[in-house]
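Please open the structure in a viewer and keep the selection panel at hand. The stops below say what to select next and what is there.

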Amino acid sequence: MLTYLCNKAYLIEKIIANNNRINLELENKARLLFDYWFIQFDFPDGENEQYKSSGGEMVHNQILNRKIPENWSVKELSDIANITMGQSPEGSSYNNEGNGAIFFQGSTDFGWLFPSVRQFTTAPSRMAKKGDILLSVRAPVGDMNIANTDCCIGRALAALNSKDRFDGFLFYVMKYFKQVFDRRNSEGTTFGSITKNDLYSLKLAYPPKELIEKYDNIVSKYNEMIFIRSMENQKLEELRDWLLPMLMNGQISIRDAEEHMAKNFEQNE
């Protein structure tokens with residue numbers, strides 16, 4: 001029995017680890033492309049050359065105190081994103097029985113991409129929609145997950161979605177700001193939290209719509225593959241956490257476990 005449990009647990013963990021490895025590779029590709037195009041400004045120009053490296057016109061921007069491409073503008077985060085700051089409901093409304101709305105208090109609920117459901121509230125206040133970016137606004141500031149269901153968010157979180165439906169672009173904008181926060185922390189400027197005004201007023205060099213569309217079309221394919229594997233992992237983790245105690249307690253037989261696992265693995269191939 002022990003050998004069987006170890007083998008099956010190892011198989012599940014191996015699949016989860018492989019999915020995470022592929023997801024990380026896809027995310028790194030999207031982040032690298034974002035850096036090339038929107039930070040280094042080496043995006044493809046009209047002649048399919050790298051803009052800055054091939055001598056594209058750059059102008060100094062006083063707000064950002066750096067040079068940006070001549071036809072770009074500067075926007076604040078609130079210009080491009082709908083932002084909802086979290087607010088925690090009354091503590092007496094919390095429960096673990098599934099009554100009311102799913103409630104995420106902060107980054108302690110975060111997983112690799114999707115948060116884990118631990119609490120519910122019968123008195124939800126601020127809500128996030130399925131697909132929203134969930135951003136930690138308290139230490140560690142800038143950590144992110146994606147809401148895979150409508151949910152209530154506490155004061156340690158904010159929810160964001162793109163006003164122009166460029167959610168792939170917005171996701172990596174926030175990944176970039178996370179790097180900024182981390183760099184400032186390493187330099188001694190500690191961010192214990194970020195206020196609503198600070199979040200709303202984060203500034204970025206904003207490209208023409210056509211370039212964002214081009215980027216979003218590329219990363220949306222990456223994100224779709226990441227989401228699929230992340231959902232698979234979530235199901236596999238639930239299977240693992242359900243299966244092992246049931247076997248150990250003798251509540252199901254090895255045969256039943258084999259059939260249950262075979263069914264789940266077929267769904268995840």
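**Stop 1: a bridge within a helix**

Start in helix H1, where Arg-21 and Glu-25 both lie, 4 residues apart, or about one turn of the helix. The model is a predicted one. Show the two side chains: Arg-21 and Glu-25 form a salt bridge, with the closest N and O atoms 3.1 Å apart. Arg-21 is partly exposed at a relative accessible area of 43%, and Glu-25 is partly exposed as well, at 41%. The structure holds 7 salt bridges, and the next two stops show others.

**Stop 2: Arg-118 and Asp-109**

Select Arg-118 and Asp-109. Their side chains meet in a salt bridge of 2.9 Å, N to O. How exposed or buried is Asp-109? Asp-109 has a relative accessible area of 8%, so this residue is buried, the limit being under 20%. Arg-118, in contrast, is partly exposed, with a relative accessible area of 43%.

**Stop 3: from a loop to helix H3**

Now select Asp-143 and Lys-178, which form a salt bridge with the closest N and O atoms 3.0 Å apart. Asp-143 sits in the loop between strand S9 (133-136) and strand S10 (144-146), whereas Lys-178 belongs to helix H3, so the pair ties together parts that are 35 residues apart in sequence. Lys-178 counts as buried at 17% relative accessibility, while Asp-143, with a relative accessible area of 26%, is partly exposed.

**Stop 4: aromatic rings**

Turn to the aromatic side chains. How many aromatic pairs does a search of the whole structure find? The search finds 19. One of them is formed by Phe-43 and Trp-72, a stacked pair at 5.4 Å centre to centre with 25° between the planes.

For a tilted pair, select Tyr-176 and Phe-177. Their ring centres are 5.6 Å apart and their planes stand at 50°; pairs under 30 degrees would count as stacked and those over 60 as edge-to-face, so this one is tilted. Phe-177 is buried, with a relative accessible area of 4%, but Tyr-176 counts as partly exposed at 23%.

**Stop 5: the largest pocket**

Last, show the surface and find the largest pocket, which holds about 370 Å³ of space. To centre the view, select Gly-131, Ile-146, Asp-167, Asn-223 and Phe-227, which lie nearest the pocket's centre among its 21 lining residues. Which elements give two or more residues to the lining? They are helix H3 (167-186) and helix H5 (209-248). H5 gives the most, with 6 residues. Colour the lining by class to see 11 nonpolar, 5 polar and 5 charged residues.

How values were computed:
Residues are numbered from 1 along each chain as its sequence is written. This is a predicted model: local features need pLDDT of at least 70, side-chain atom pairs count only at pLDDT 80 or more; totals for chains, interfaces and linings use all residues. Side-chain values use heavy atoms; hydrogens and water are left out. On a 1 Å grid over the protein atoms alone, a cavity is a set of points where a 1.4 Å probe fits but cannot get out, and a pocket is an open set with protein on both sides within 12 Å along at least five of seven lines; lining residues have an atom within 4 Å of a point. Grid points are joined across faces, edges and corners, and a volume is the space filled by probe spheres set on the points. Ala, Val, Leu, Ile, Met, Phe, Trp, Tyr, Cys and Pro count as nonpolar, Asp, Glu, Lys and Arg as charged, and the others, Gly among them, as polar. Rings of Phe, Tyr and Trp (its six-membered ring) pair if their centres lie within 6.5 Å; planes under 30 degrees apart count as stacked, over 60 as edge-to-face and the rest as tilted. Buried means under 20% relative accessible area, exposed over 50%, partly exposed in between (1.4 Å probe, protein chains only). A salt bridge is a side-chain nitrogen of Lys or Arg within 4 Å of a carboxyl oxygen of Asp or Glu.
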